[in-house]
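Here are a few notes on the packing in this model. Have it open while you read.

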Amino acid sequence: MAKFEERSKAIELRKQGKSYSQIKSFIKVSKSTLSIWLKDFPLSDKRIRELRDWNETRIENYRETRRKQREVILNDIYKIEKIKILPFTQKDIFIGGLFLYWGEGSKTTLSSQAIISNTNPAIIKAFIYWLENSFNINRNDIKVRLQLYKDMNTQNEINYWSKVLNVKNSQFRKSYIKKSNRSELTYKNKHNHGTCNVILGNAKVSKKIMMGLKVFEDYFMG
């Protein structure tokens, strides 16, 4: 009785256009048994072509080929852009830093601090590089505050940011711990090490930054 039901199921799946391999994933029988059961139910040439073209291995090979082609294209573009962009001039660094701060920094006009917050270490490092090269700030004069989730190890994250930014642990203020868990986030990659806030308590530099941004605003607003 079981064999009869399996054969009936195999024929039904075959009529739906399934290949032997696909049918075997539903019914645990040998390929030789299927060839006997289904000898009177051949697939059309069109369906055979479809199965061949949509074979998982074939699709994966196609995707991998396309991925490598994209990598080659992007790598060629990267090399061209690198030649165009580097090396930075002092003016490049200053203007680039202003645009970075315009997008990511705290812009309270009356503040005596320059603050930037981000989850991306490269952006935080760029901000410190800008302070050092455009305003002659010593990185030992900056403060760091982390925003973490309650299921994150605070000391481990301080150690991570301390190493990445090349700053001392003593420069870290008390971390802000969010009540939610990082494990609850949909996009965890951006929050691998929390949000880093770099703070420079320097009223003179803060005013220069704010007025530099005002120059941008006046220019673009005509």
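Which residues in helix 6 meet which residues in helix 9?

1. Ile95, Leu98, Phe99, Tyr101 and Trp102 in helix 6 meet Ile209, Met210, Gly212, Leu213, Phe216, Glu217 and Phe220 in helix 9; contact means heavy atoms within 4.5 Å. Before you read on: this is a predicted model, where local features need pLDDT of at least 70, side-chain atom pairs count only at pLDDT 80 or more, and totals for chains, interfaces and linings use all residues. Residues are numbered from 1 along each chain as its sequence is written, and side-chain values use heavy atoms, with hydrogens and water left out.

2. Helix 6 (residues 90–104) packs on helix 9 (residues 203–220) at about 85°, axes 10 Å apart. The two are therefore roughly perpendicular (65 to 115 degrees).

3. Phe94, Tyr101, Phe127, Trp130 and Phe135 make up one aromatic cluster; rings of Phe, Tyr and Trp (its six-membered ring) pair if their centres lie within 6.5 Å. Trp130 and Phe135 pair edge-to-face, 5.1 Å centre to centre with 80° between the planes (edge-to-face is over 60 degrees). Trp130 counts as buried at 1% relative accessibility, and Phe135 is buried too, at 11% (buried is under 20% relative accessible area, 1.4 Å probe, protein chains only).

Definitions and conventions. Axes fitted to C-alpha atoms, helices over the stretch in contact; angles between N-to-C directions. Helix = DSSP H or I, 4+ residues; strand = E, 2+ residues; numbered from the N terminus. Parallel < 35°, antiparallel > 145°, perpendicular 65-115°, else oblique. Phe/Tyr/Trp six-rings, centres within 6.5 Å; stacked < 30°, edge-to-face > 60°. Buried < 20%, exposed > 50% of the residue type's maximum accessible area, 1.4 Å probe, protein only.
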